[in-house]
Amino acid sequence: MTVGPTAGPTAGPTGATGGTAADDAAVRSVAIVGAGLSGCLLAALLAARGLAVDVYERRPDPRITGEERGRSINLAISARGLDALSRIGLADQALATALPMRGRTLHPRSGELGYQSYSADGTRAINSISRSGLNAALLDCAEQAPGVRLHFEHRLTGVDAPSGRLTLATPAGQVDAEADLVVGSDGAYSAVRRAIQFSDGFDFSQDYLPVGYKELTIPARNGNFALDPQSLHIWPRGGSMMIALPNTDRSFTCTLFWPKVGEGSFAALQTPQQITDYFDREYPDAVPLMPTLVDDFQYNPVGSLVTVRCRPWVKGRVALLGDAAHAIVPFFGQGANCSFEDCVELDAALAESGLRREPALQRYQARRKPNTDAIAALALENFVEMSDKVNSKVFQWQTRTRHLLERALSGRYVSRYELVSFTTTPYADIEPRIRRQDLAVGAAAAVATAAVAGAVKAVLTKRDR
Ligand code: FAD
């Protein structure tokens, strides 16, 4: 059986990117593999350009079957994600079901809670949102767009990059399809990427963190939130941590980020007694709020955290997008935000290239790759900040000083966190800008110190005369 518009030129000699001689033919039909967050957003955007879009998803429709176990339950969506969602008219709907978090509440082993606001004025927020709710809203939006067809229980098993031919496994047997453009938005363990990974010139690396994650629950207490719902809660413990994000049902989803093996690891705690003893020692204020702690810990899976880097993202008629192109660790809450930006950029590149495939795909890759490399590095660094540095008095003083500078030098000094979470500044521009700002502040401080020293010296000289 064949589904999807059979399209375009037949396969010819392969070019530099593994494509055909007709690579700059106009794109009319698109096959998107993966109806996760980015696949659905891209489908809605491309349909608005008048393209015929077929979306192939290996799972059954999650709006009918419910959420998949083992995925994170909620996500922090910030400026970049909202900007992308606004382009398909979904930002307000997403915000209406989200809970704004304006800062971090820090839970030490003992003593008082700490608080660090995310923005200088304390008002800007990242938004805790249900992953399954957002995915369902995106599926609805894609489904309603003229020209989009969703195919559930269609698992991609093969793709031929030069011709854009796909093979998919379905409950009814194998299905073949073909499109002018095939987008792999099928996640960190992408089958589309695997299909082009072993071709000549394809660079690929996959780095697992020794830290994994497991989700636990803090249910509502007497119908109310058990913790401040306007905060992201962190229990920083050096090389590991627990975080908690609020849900609209007034529960919190906690995520443990712990080593997988060794001391203080998931593997080290086996019996209920070991689990409760450890949590009583490390997270004493959370334990009374977690009636299902032992069951959650014993039965919820441990997920892996991986950074995937590859190049090229573009081969023949195939392009990679979202986690398939650049899975990152979740410590800056940017994986989905960044994947949404990919969709906007691919859509813009197609429009700017008059829908011609080859220039559009090259433009998309050239614009996005440096940015996704930059956020991958920032996300890895942020684990150290969240799990360890936030405890340090020096770090707390630095954060306060940065916020002071931001207020004093409005728009000219902006912290890294604000640039990542509250602007759409390209990720690759952030570190150079931070360096320039720090140099300018350092130079101003040196001039001020020299001026004060000069004045003091002048006063002392005058007095000695
Ligand atoms: P996915 O959402 O993984 O979707 C891929 C889709 O492809 C799935 O539906 C899958 O079923 C389908 N698929 C897979 N294989 C096939 C196949 N062979 N054929 C057909 N379909 C297939 N990001 C944030 O922005 N903020 C956060 O706070 C945040 N928190 C996170 C917390 C954790 C613990 C983790 C692990 C990640 C977090 N992320 C966060 C990252 C975010 O989840 C991902 O970046 C985002 O889901 C990527 O979207 P995607 O569409 O590229 O991939």
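1. Strand 16 (residues 231-236) and strand 17 (residues 241-246) run antiparallel and are joined by four bridges. Strands here are DSSP runs of E with at least two residues, helices are runs of H or I with at least four residues, and both are numbered from the N terminus. Two strands count as paired if DSSP finds at least two bridges between them. Within this pair, His233 has Ala244 of strand 17 as its bridge partner.

2. The model is a predicted one: local features need pLDDT of at least 70 and side-chain atom pairs count only at pLDDT 80 or more, while totals for chains, interfaces and linings use all residues. Residues are numbered from 1 along each chain as its sequence is written.

3. Axes are lines fitted to C-alpha atoms, for helices over the stretch in contact, and angles run from 0 to 180 degrees between N-to-C directions. In the loop between strand 15 and strand 16 lies Asn222. The phi of Asn222 is near 50°, a positive value in a residue other than glycine.

4. A further open sheet is formed by six strands in the order 9-3-2-13-21-20, again with mixed pairing. Strand 9 (148-151) and strand 20 (314-315) are the edge strands, each pairing on one side only. Strand 2 (residues 29-33) pairs with strand 3 (residues 52-56) in the parallel sense over five bridges, and Val30 has Val53 of strand 3 as its bridge partner. Helix 5 (residues 131-144) lies across strand 3 and strand 9 and runs at about 130° to strand 9. In the loop between strand 19 (306-311) and strand 20 is Pro312. The peptide bond from Arg311 to Pro312 is cis, with omega near -5°.

5. Strand 10 and strand 11 (residues 165-170) pair in the antiparallel sense over five bridges. The two strands form a hairpin with four residues between them, and Gly164 in the turn has a positive phi of about 75°. Asp160 stands opposite Arg165 of strand 11.

6. The ligand has 33 residues around it, of which Gly34, Gly36, Gly187, Gly322 and Gly335 come nearest. A residue is near a molecule if its C-beta atom, placed from the backbone, lies within 6 Å of it. Two or more residues of this shell come from each of helix 1 (37-48), strand 4 (74-77), strand 10 (155-160), helix 9 (323-326) and helix 10 (335-352). Helix 10 gives the largest share, four residues. By class the shell has twelve nonpolar, 15 polar and six charged residues. Here Ala, Val, Leu, Ile, Met, Phe, Trp, Tyr, Cys and Pro count as nonpolar, Asp, Glu, Lys and Arg as charged, and the others, Gly among them, as polar.

7. The chain is divided into domain 1 (2-99 + 125-208 + 307-381), domain 2 (211-299) and domain 3 (400-464), with bounds from an automatic or database domain assignment. The centres of domain 1 and domain 2, taken over C-alpha atoms, are separated by 33 Å. Eight residues of domain 1 are in contact with eight residues of domain 2, contact being C-beta atoms, placed from the backbone, within 7 Å. On the domain 1 side, strand 4 and strand 8 (126-130) each supply at least two residues. The residues of that side divide into three nonpolar, five polar and no charged.

8. For the chain, the secondary structure comes to 14 helices and 21 strands. Its radius of gyration is 25 Å, close to the 23 Å that the globule rule gives for 465 residues, so the chain is as compact as a globular protein of that length. The radius is taken over C-alpha atoms, and the rule is 2.2 Å times the number of residues to the power 0.38. The C-alpha trace spans about 95 × 65 × 40 Å along its principal axes.

Conventions
Contact = placed C-beta atoms within 7 Å.
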